[in-house]
Each structure stands twice: as structure tokens, then as C-alpha cells.
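Colleague: Could you take me through the aromatic contacts in this one? I'd like to start with the accessibility of the rings and then move on to the pairing.

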Amino acid sequence: NQASNQQSGTAFQSQVQLFHFDTSKNENQSYGVVTLTIQKAASNDGYQLLVYKEKENPFINIMINASISWVLRNKIYVYLKEPNGIQWTITFPDQQFAARACVSIGAILSPIANNKVSYYDIVVGNGPICTKNDNVSVA
């Protein structure tokens, strides 16, 4: 299924609980269990977030860009605010699904400009200890 998702342009997909926050009543309205999909936009210009029971009639259909607000709370809840101000609460089945969705959103919003990534394990040794405002170089 992962291979078919990559071929179709789907970066992430999960079943979630969806709630719309009605600001006039100050309460959540449940939409029940729905499908959340992060996928390549049809125009191939960026990614979109779709949340739906029937894909042809989504509750949420927005482009993923800096004008959305996506905030993870308590490791399984996301508060989403669309550019037009509509507010949603999304509950993921578990912490792992929530984390994967957040990583997908983060990778789209802040892509790594090049493919060179370095990893360093820092361990306390016998040498001098770094303090605030020290200059450190790694060779």
C-alpha cells in the first residue's frame, strides 16, 4: 500500500476523528471518523490536505502552505486553522500517526534545500566543556 501511495502522490493517509469548532457557539461539532490525506496537488504545484468521508465532497480541501495553522497538542490532537479562519480539531488514532502527519506537514512547509544531511553524536569527554557563546568547529 505504501508503494501505491507513493505512485499516486499521497504523502500520508489516516483515519481520524474530525471536529469543526463553531466560534459562534464556542463548541465542537463532530463529523465522525473520516479520511485525512496529504497528497500532491492535481496541478502538481505543491501539496494539499483533504479530509473527507467521500473524496468528491471533502470537508477540508486546502493547499499546505504557511497560511495554515497546524498545532499538535497532547501528542494525538491537531488544531487546524484554515487561511479563511475555519477551525478544526483532528484526533489521530495514536501518537505515531499524529507524528507522521506532523512530519509530513513539516517537510512540505520546510523542505531541506539540498540532500546533504549530517548527523553528530555528542558525548561528554575529558576535554573542555562548551559554554554559552563559545565558538565550536567540527572537522
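Modeller: Bear in mind that this is a predicted model. Phe59 has a relative accessible area of 31% and is therefore partly exposed.

Colleague: And what about Tyr31, how accessible is that one?

Modeller: Tyr31 is partly exposed as well, its relative accessible area being 22%.

Colleague: Which ring does Tyr31 pair with in strand 7?

Modeller: That partner is Trp88, and the two rings form an edge-to-face pair with 5.6 Å from centre to centre and 65° between the planes. Because Tyr31 belongs to strand 2 and Trp88 to strand 7 (residues 87-91), this pair ties together parts of the chain that are 57 residues apart in sequence.

Colleague: Is Trp88 buried or exposed?

Modeller: Trp88 counts as buried, since its relative accessibility is 5% and the cut-off for buried is under 20%.

Colleague: Back to Phe59, then: how many aromatic pairs are there, and what is the geometry between Tyr31 and Phe59?

Modeller: The count comes to 3 aromatic pairs. Tyr31 and Phe59 form one that is edge-to-face, with 4.6 Å centre to centre and 65° between the planes. It links distant parts of the chain, 28 residues apart, with Tyr31 in strand 2 (residues 27-40) and Phe59 in the loop between strand 3 (47-52) and strand 4 (60-63).

Colleague: Which residues do the ring pairs link into a cluster?

Modeller: Tyr31, Phe59 and Trp88 are joined into a cluster by ring pairs.

How values were computed: Residues are numbered from 1 along each chain as its sequence is written. This is a predicted model: local features need pLDDT of at least 70, side-chain atom pairs count only at pLDDT 80 or more; totals for chains, interfaces and linings use all residues. Side-chain values use heavy atoms; hydrogens and water are left out. Rings of Phe, Tyr and Trp (its six-membered ring) pair if their centres lie within 6.5 Å; planes under 30 degrees apart count as stacked, over 60 as edge-to-face and the rest as tilted. Helices (H or I, at least four residues) and strands (E, at least two) are DSSP runs, numbered from the N terminus. Buried means under 20% relative accessible area, exposed over 50%, partly exposed in between (1.4 Å probe, protein chains only).
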